[in-house]
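Colleague: I'm new to this one. Could you walk me through it?

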Amino acid sequence: MHERSSVGHLAERLRRELNRYSPGEKLPSSRALVERYRVSPVTVSRALAQLAAEGLVVTRPGAGAFRAPARTPVTPAGDTSWQEVALSADGAADLVPRSVDASGVLVSLAAPPPGVIEFNGGYLHPSLQPERAMSAALARAGRRPGAWGRPPTEGLPELREWFARTIGGGVTAAEVLITSGGQSALTTALRALAPPGAPVLVESPTYPGMLAIARAAGLRPVPVPVDADGVRPSLLADAFRATGARLFVCQPLFQNPTGAVLAPERRGEVLGIARAAGAFVVEDDFVRRLVHEDAGPLPRPLAADDPDGVVVHVGSLTKATSPSFRVSALAARGPVLERLRAIQVVDTFFVPRPLQEAALELVGSPAWPRHLRAVSAELRSRRDVMTTALRLRLPDLCLPHIPSGGYHLWLRLPDGTGGTSRAFGTGGESALTAAALRAGVAITPGRPYFSAEPPAGHVRLSFAAVAGEGEITEGVRRLRAACDEVL
């Protein structure tokens, strides 16, 4: 019998026997399963990993496998009929040029020159990436029979099921599409939900890569200000009324760049405002797996509280793994799902099956929760080191919010360094960025994060892309020298 069929056969037998155990009760050891079913240890390991990916068992390193806690009841299906009006409405706006400005994206992708400390990176440093676990997962995936064949265009069913469970709220595997990274998912969503020339409401400030996607699709980004509790609902309602927009793009959890989390009392209000406007909300849940150790319980994705199909959810594995591990998911309810699927198939056909198989191997392995715990502790420590160093060496830079998730800090420059500064002309941020690079530290200017005129000068500093805490301290020292030069 082929290894894959052996794994499937054993997994099915274990599923049938799970009812013998109470939630949380330990299953027989791997050795006992090998002897009972006369299969190899590898077959037992892969069968348990498959059940773990399905949410039926929980594996604990050194302790064994346990039956998972009972699942919450499935949320009743909502009414998605409103989408027929929203999806067919004609935009009245004039067409705008589909210009592409990738500078805001490239700043976090370009490697700095040798010797320059990378405060502008958008991904985990190699020392924080689960390289051994990814390599092992990819090796195991490559040996699976059929691993190099054509996958379903929507994605492997087991991987879609895993993403659905991480979203919660009754989202099913049938409502999930596997995509090639969060950027690709956002591109598909914006093309599906708004015609060229239409306005799209965006947080201000927001992720430059999303602004680039919108403009490349011929959309007109309209800013809605964000404060410490996320987007401001009253201004969101005003923007919908003023523009007639049918789309709002947001990051409710550890927003980029501010780090804000949408306050509990605003979550339902934002969904209600969008629903009343007959509009969609694209939820970019890009950094949920980079929560800091001291964050406490996280709010559920907006999609988990949305039975009516208002939210199109984007979730990704990339930020928590590697920039090359480009596996993400789009989740949506109602007829919009067919439009998303059609655009993705036309654009990319499907995500390579070996990468999907490797993702399944990774998230079903004991190494995955260990990795997330280690990154959670390390990011908290790095955040604290950078915060302390900034307060000590650069007290004039305003740090309005210290996030409990994500990988960066958002700082406001002192008065006199913004775009209207007479002392610094129109390039306050640019001057500081250039001076910092001369001093040996790469930083990210704030201007690309605004779709309209910024209220002040800002910079974003990443603490995830550096080698360690020593580089953070040295990088802040170099930034102090750059500020002395410019300010």
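Modeller: Happy to! This is a predicted model, where local features need pLDDT of at least 70 and side-chain atom pairs count only at pLDDT 80 or more, while totals for chains, interfaces and linings use all residues. Residues are numbered from 1 along each chain as its sequence is written, and side-chain values use heavy atoms, with hydrogens and water left out.

Colleague: Leaving aside neighbours within four places in sequence, which residues is His 371 in contact with?

Modeller: Contact means heavy atoms within 4.5 Å. With neighbours within four places in sequence set aside, the partners of His 371 are Leu 124, Leu 128, Gln 129, Pro 130 and Ala 320.

Colleague: Does His 371 count as buried or exposed?

Modeller: Buried means under 20% relative accessible area, exposed over 50%, and partly exposed in between (1.4 Å probe, protein chains only). His 371 has 9% relative accessibility, so it counts as buried.

Colleague: Which helix is His 371 found in?

Modeller: Helices (H or I, at least four residues) and strands (E, at least two) are DSSP runs, numbered from the N terminus. The run covering residues 367-393 holds His 371, and that is helix α14.

Colleague: What share of the 487 residues in the protein is buried?

Modeller: The cut-off is again under 20% relative accessible area. Of the 487 residues, the buried share is 53%.
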